[in-house]
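Dear colleague,

Here is the structure that I promised to hand over to you. Please open it beside this email, and then read on for what was found in it.

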Amino acid sequence: MQISDAQPIHVARPTVSRLRSLEYWVPRLVALVALLLVATPLLTVTVASFRPGLTLPFQSGAWTAENFVTAFGSAFTYRLLLNTFLYTFVSLTIGLSIALAFAWLVERTDMPYAGSVYTLLLIPLAIPSLLKALGWVLLVGPRQ
């Protein structure tokens with residue numbers, strides 16, 4: 001086949017009947033709603049970070065970077081970042097160790113009840129994070 005024999009590439013444009021179908025509009029509407037649900041709080045937090053004190057984000061008034069100077073000028077911020085990094089590293093190390101051990105046991109050995117263990121390992125994915133957090137608060141929180 002020679003280069004001159006190549007056919008031009010045509011992009012299919014939606015037809016009028018396609019524009020009226022649900023399968024054309026539903027994904028676009030879902031994407032638009034998801035964008036609004038993410039973009040609105042993100043915009044509000046960004047604008048509020050440049051406002052002084054407890055001023056409402058979209059009120060008229062001064063703009064300042066004072067909040068950033070206060071946050072990044074504090075030694076507490078860097079101690080908090082270090083603690084976060086250490087907590088994440090230790091949690092990740094322990095979690096990956098346990099996960100690799102269970103993955104090897106379930107997939108590479110003839111462990112009894114491997115199917116049940118495999119199913120039990122998936123249960124944490126089905127429990128919402130809010131319930132997990134509440135459980136930890138009740139478990140290790142101070143008793144009164």
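Helix H2 covers residues 22–49, and its 28 residues should span 40 Å at 1.5 Å a residue, which agrees with the 40 Å between its end C-alpha atoms. The expected span is 1.5 Å times one less than the number of residues, and helices here are DSSP runs of H or I with at least four residues, numbered from the N terminus. Please keep in mind that this is a predicted model, in which local features need pLDDT of at least 70 and side-chain atom pairs count only at pLDDT 80 or more, while totals for chains, interfaces and linings use all residues. Residues are numbered from 1 along each chain as its sequence is written, and side-chain values use heavy atoms, with hydrogens and water left out.

Which residues of H2 are buried? They are Tyr24, Val47 and Ser49, where buried means under 20% relative accessible area, exposed means over 50%, and partly exposed lies in between (1.4 Å probe, protein chains only). A polar atom of the Ser49 side chain lies 2.6 Å from the backbone oxygen of Thr46. Once its neighbours within four places in sequence are left aside, Ser49 is in contact (heavy atoms within 4.5 Å) with Thr64, Asn67 and Phe68.

Helix H4 takes in residues 75–108, and its 34 residues should span 50 Å at 1.5 Å a residue, which agrees with the 48 Å between its end C-alpha atoms. The N-terminal end of H4 is capped by Ser74, which has a side-chain oxygen 3.1 Å from the backbone nitrogen of Phe76.

H4 packs with helix H5 (residues 114–126) at an angle of about 145°, and their axes are 9 Å apart; axes are lines fitted to C-alpha atoms over the stretch in contact, with angles from 0 to 180 degrees between N-to-C directions. Phe102, Val106 and Glu107 of H4 make this contact with Ala114, Val117, Tyr118 and Leu121 of H5. By class, the residues of the contact divide into six nonpolar, no polar and one charged, where Ala, Val, Leu, Ile, Met, Phe, Trp, Tyr, Cys and Pro count as nonpolar, Asp, Glu, Lys and Arg as charged, and the others, Gly among them, as polar.

Tyr113 sits in the loop between H4 and H5, and its phi is near 60°, a positive value in a residue other than glycine. Is Tyr113 buried or exposed? Tyr113 is exposed, with a relative accessible area of 67%.

Note on methods: Helices (H or I, at least four residues) and strands (E, at least two) are DSSP runs, numbered from the N terminus. A polar contact is a pair of N or O atoms within 3.5 Å; within protein, one must be able to donate a hydrogen and the other to accept it, and residues adjacent in sequence count only if both atoms are side-chain atoms.
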